[in-house]
Amino acid sequence: MKLAPLLLILLLVPVHALNVNVPSNVGVNEKFNITVKLNGSSVVGLALELPNGLEFVNSSVPYKISDNTVALAIVNGSYAICTLKALKCGRYELKIRWSDFLSGKNGTLVRWIYVSPKPSLTPTETVTPTATPTRYMPTPTPTTPVTPTKKTPGFEFMVAILAMLIALRRW
Amino acid sequence: MRRIILVLALLIFSVSLANASYMDLFKDGRITKAELTNAVLNYMLHKSNLSFEDVCDASYVYLYWHGKPKTIVDSANDTITIYRPVKRIVALSVDSAEALAILGAKGEVVGVSKYVKEEKRHFPVLSKLPSVGSCFSPNVEAIVELHPDIVITYVKWPDKSELEDKIKLVDPSIKVVRLDFYKASTLREEMEKLGYLLDKEENATKYVKWFDKWLNFVKSRIPEEKVKVYTCGKPLKAFGEGTGLYDLTVMAGGDNVLKGKKGYFDVDPEQVVLWAPQVIVSWCYAKGYSPEAKEIMKERFLQIVEFPGWEDVPAVKNGRVYVISSDIGSSPALPVGLVTVAKWLYPEKFKDVDPKGIMQEYVSEFLHLKFNVSEGCFAYPQ
């Protein structure tokens, strides 16, 4: 019983000061943003394993692509915005590997994205793609202000609510 | 056999490849943002021969060292350049172990001198670490097994053929840094250099300020008329110019009778009578933090005051024979030793000064020890 509040706190704490925001619902052919915010300036690498059905569009930080993996590098920065495009309807697992090279920690996050036939209610402004597509480029300055996508409750949040309900029922 | 050779060759090749790759980041003198970005991206795509540690180190160097390696000239006049943050240190001397404690780098120490292991009250944490022999007889195998980034030892000991030359054969990446941490003339600068190398500048500055405060304090109170002083270990083992004790007495304003005579040497008992020193200061290697220190120092004291034929030596006749522990006379605690000797030479000028209080300040503020200095013995008579 006493463990419930602790469990709740643990579930709500972001993973190692790395906050990744991924929309859970997008419409087909829609571009959407994945935002990564760091707690302070650091050197962080990210590798997004894109499932068939999601396409990389652009990023606010330098990137490199190999097969279905997009690597992003945040060097002495505190955030990154990566724009993807949903090509087909379906439920996609997005695996994000991350390495914080200053704290010496790393890990993997998994997020689910539902791509529905209808466009989502909150359209997302995206990072403007460069005129000439390159496989690797220096840090681009977004030409349009980038608004992070609306924060959507993720998996942890749902589990936290569930844990709270169980805790309250037992109480 | 052929398979073993092949595996070893592959291993050596892969190790050299990884090292070369990390060092490649410095090929134009510094790590640039573009180079680090590229390293991060390649690592994330598993297309890099840099390890996770390599990229971490490169990130650290880029952010905190402006992408450049760090270089110092040590007290042996050797240029030491490091390309990664120092994470593993072997302290081959007691004085370097103490300096590392002052700088707040105890956590980085992985191996210590056998003498540090013997001093549990002085080094409650470091004495639990593996021994690597001593500065007089280093165990190179044990040192290399600990994979240190740097090894710190004295300028004179051990000989380079016993340390650098042997280490180079096994692991050339290990750097030997020679810093004494016991001489008044170099202590201040050495603490600053090590602080810089380990990114502990703040703690080094705090120590240097304290060091300067007491040095200037003593200097300001030394009278014009100087006291004649004889410095020794055992009664007839003179400590001449260039030794820590000689320097300490001169800094404290003494007129040392051994002026012009260098190093450690034996003297005739009659010569001491002729010199007629007003004060005798003897050096004792008793471990000041240990409960036995007082007895050992007392024994040395009695050797001098009861020395046959010295009854009329002014220092003996007037009760001005003193014994100082190497723990305060030749170590980073040197300012305590300096004030102690200055008070012995000029008791009237320093009557308001409490060396024991300064030692307590040093132990608590710089060594971060919960040790009451009254439980040890650093000077006799106290």
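## Worked exercises on chain B

In chain B, the mean positions of the 50 positive and 50 negative charges lie 3 Å apart. Keep in mind that this is a predicted model. Let's work through a few exercises together.

### Exercise 1: the chain as a whole

**Task.** Describe the make-up, extent and surface of chain B.

**Solution.** 
- Step 1: start with secondary structure, where chain B has 16 helices and 13 strands.
- Step 2: turn to extent. Along the principal axes, the C-alpha atoms occupy a box of roughly 85 × 45 × 40 Å.
- Step 3: check burial. Of the 382 residues in chain B, 52% are buried.
- Step 4: consider contacts between residues at least 6 apart in sequence; 65% of these join residues at least 24 apart.

### Exercise 2: helix 4

**Task.** Work out how many residues of helix 4 (residues 94-103) of chain B are buried, and find what follows the helix.

**Solution.** 
- Step 1: recall the cut-off, since a residue is called buried when its relative accessible area is under 20%.

### Exercise 3: the cavity

**Task.** Find how many cavities of 30 Å³ or more there are, and which residues line the largest cavity.

**Solution.** 
- Step 1: picture the method. Rolling a probe the size of a water molecule over the atoms shows where empty space is left.
- Step 2: count. One cavity reaches 30 Å³ or more.
- Step 3: size it. The largest cavity holds about 60 Å³ of space.
- Step 4: list the lining. It includes B:His122, B:Phe123, B:Pro124, B:Val125 and B:Leu126, along with B:Lys106, B:Leu367 and B:Leu369.

### Exercise 4: a loop proline

**Task.** Is B:Pro158 buried or exposed, and which residues does B:Pro158 touch?

**Solution.** 
- Step 1: locate B:Pro158 in the loop between strand 5 (150-153) and helix 7 (164-170) of chain B.
- Step 2: B:Pro158 is buried, because its relative accessible area is 4%.
- Step 3: beyond residues up to four places away in sequence, B:Pro158 touches B:Leu92, B:Cys135, B:Pro138, B:Thr153, B:Leu163 and B:Arg178.
- Step 4: take B:Cys135 from that list. B:Pro158 and B:Cys135 are 23 residues apart in sequence, yet 5.3 Å apart in space, C-alpha to C-alpha.

Note on methods: Residues numbered from 1 in each chain as written. Chains lettered and ligands numbered in written order. Predicted model: local features only at pLDDT ≥ 70, side-chain atom pairs only at ≥ 80, totals over all residues. Heavy atoms only, no water. Helix = DSSP H or I, 4+ residues; strand = E, 2+ residues; numbered from the N terminus. Buried < 20%, exposed > 50% of the residue type's maximum accessible area, 1.4 Å probe, protein only. Contact = heavy atoms within 4.5 Å. Areas by Shrake-Rupley, 256 points an atom, 1.4 Å probe, with all protein chains shown as cover. Lys, Arg positive; Asp, Glu negative; His and termini not counted. Charge placed at Lys NZ, Arg CZ, Asp CG, Glu CD. 1 Å grid on protein atoms, 1.4 Å probe; cavity = no way out; pocket = protein on both sides within 12 Å on 5 of 7 lines; lining within 4 Å. Points joined across faces, edges and corners; volume = space filled by probe spheres on them.
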